[in-house]
Amino acid sequence: MAGKIATRAAYGKALVEFAEKYPELVVLDADLAMATMTKDFRAAYPDRFFDCGIAENNMTGIAAGMAASGLKPFTNTFAIFAAGRSYEQVRNSIGYPHLNVKVVGSHGGVSVGEDGATHQCTEDLALMRQIPEMTVVCPCDGHEMRLAVEALLNYDGPAYLRLARPATEIFTDELEGYKFELGKGVTIADGSDVTIIATGIMVGMARQARELLAAEGISVRVIDMHTIKPLDEELVLKAARETGAIVTSEEASVLGGLGGAVAELLAENCPVPVLRHGVNDSFGRSGTAAAVLEYFGLTAEGLAEKCRKAVSMKK
Amino acid sequence: MEKLFGKDLAVAAYKARLLAVEAVHRAASGHPGGSLSCADALTVLYFNEMNVDSANPNWAERDRFVLSKGHCAPALYAVLAMQGFFPVEDLQLLRSIKAHLSGHPDMRHVPGVDMSTGSLGQGLSTAVGMALTAKITRKLWRTYAICGDGELAEGQIWEAIMSAAKWKLDNLCVFIDVNGLQIDGATKDVMPTEPLDKKLEAFNWHVVKIDGHDYAQILAALAEARRTKGKPTAILMATVKGKGVSFMENQAGWHGKAPNADEFAVAKAELEAKIKELEGK
């Protein structure tokens, strides 16, 4: 495949692609179809697209009622509204009754860029992870996103799917032996000194960080943890035992998301140095996506620095 | 089950009231006031209006019901038990760790419950989702809901009301239980929601105003809702919070309080006397 595509764009294409194969699929949006990329589905399947207006809480509830009646609804809005504003609707109307709704949060993280802190959601992974039995997925590139959408169409239960705004490189299609399975991380490069467990667009940066560190003689394993919940505990524990140090990386708060999940698991089962690379308990800010990511240290170099520190902490 | 009419509906409604109040008494917690105000509407829905099958609770073609004011679960559970969805004896374990009847309706564990509710303001949206599903899949089943008048202070309710009109959901019929009271006092003082008829009409709903304890009026309103095309119907029913138990009637204090043994004895005597009177014994 190669080239660049935003995961939100790949998601929008996947909805159209799978519409015929999954006739129960319906798409709901809250006046953001141009941004969430559901616009192509809207054009192709107007009878299966429901614009709920700027009313995310109602959209979330409508989807719950549709799922209870046998449809497979995907709700769409920005992550801050999907997981933030409608948190309690997702919890009580979808999570508690375990309904088959896919809550899709587009524009996750700070790479939203120019719109600034009000629209940059760094808390969604932690919020959605807190809901019992909720599946939380954050694909790393357009190829993985397509596979994630089909896997979620075949999973009967509530899930949160996070999309990113900026275009990023596609690489999982060229990985040998790559296979997508919900709840199973993918080791995309082996290494022995430290493991980076990354999700979303940080997986691509983890690959770059690995190159930087290889030049310094540090051998880095990279795991693409597209499913934050249920966490692939076996893969994390194996990495901790075999490499002795872990760095998590996510375009989200270091509190409670992927970093929290990995740190909780390892503290209780295999204590090794765990450093969390993400947004440090801070609101976002305006700037180009690249400038904002740079500002928060969400770069290959920022990640490499965490890895150097993790290696130095090993006994 | 055979449909009930007239006096038989009243008898069933008062039996449901007694079961609900007894369940709350045994649980030593729960919400009797609102359960009693909507008991007549619930009874008419499950014993006359709705097409359901207690032997097959998940029957795909059934009519759906959402108790948006989920705290009135004791009344819903009582009616469901009487309809045979689960044993009436289970009601004695309302809110107990030992049983399946949680404090608010739970669709995963209670047969006959079509939607888990309890967080006010959320149920109506799910009812809109159900009605919309029936529309787009060209099914004839209908969706019913009961909201509280206090619940209408929730913004999400008005989002749901707007959307039901947008999609012309004439297969959706919502009772508003206008008992005028909520936890902190009178709805007109806590947060005025009136004039509900004008508001709902302005939101492009068909509105029917009735006495929520008059079975003929409830049946007529439901028939009118079925005849109404192109818009959803709201049945504004004036009710008495605590209806049927003299010391609970029109008392906000009985919103969420369980009667003790002495109080329950009085309530039981009153409701049994009413049932006897209705049965003509």
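Axes are lines fitted to C-alpha atoms, for helices over the stretch in contact, and angles run from 0 to 180 degrees between N-to-C directions. This is a predicted model, in which local features need pLDDT of at least 70 and side-chain atom pairs count only at pLDDT 80 or more, while totals for chains, interfaces and linings use all residues. Residues are numbered from 1 along each chain as its sequence is written, and chains are lettered from A and ligands numbered from 1 in the order in which they are written.

Select helix α9 (residues 202–214) and helix α13 (residues 300–313) of chain A, which pack at about 60° with their axes 8 Å apart; helices here are DSSP runs (H or I, at least four residues) and strands likewise (E, at least two), numbered from the N terminus. That angle makes α9(A) oblique to α13(A), a class left over once angles under 35 degrees count as roughly parallel, over 145 as roughly antiparallel and 65 to 115 as roughly perpendicular.

Next, display the open sheet of five strands in chain A, whose order is β9-β11-β10-β13-β14 with mixed pairing, where two strands pair if DSSP finds at least two bridges between them. Its edge strands are β9 (186–189) and β14 (274–279) of chain A. On this sheet packs helix α10 (residues 233–243) of chain A, touching β10, β11 and β13 of chain A.

How values were computed:
Two residues are in contact if their C-beta atoms, placed from the backbone, lie within 7 Å.
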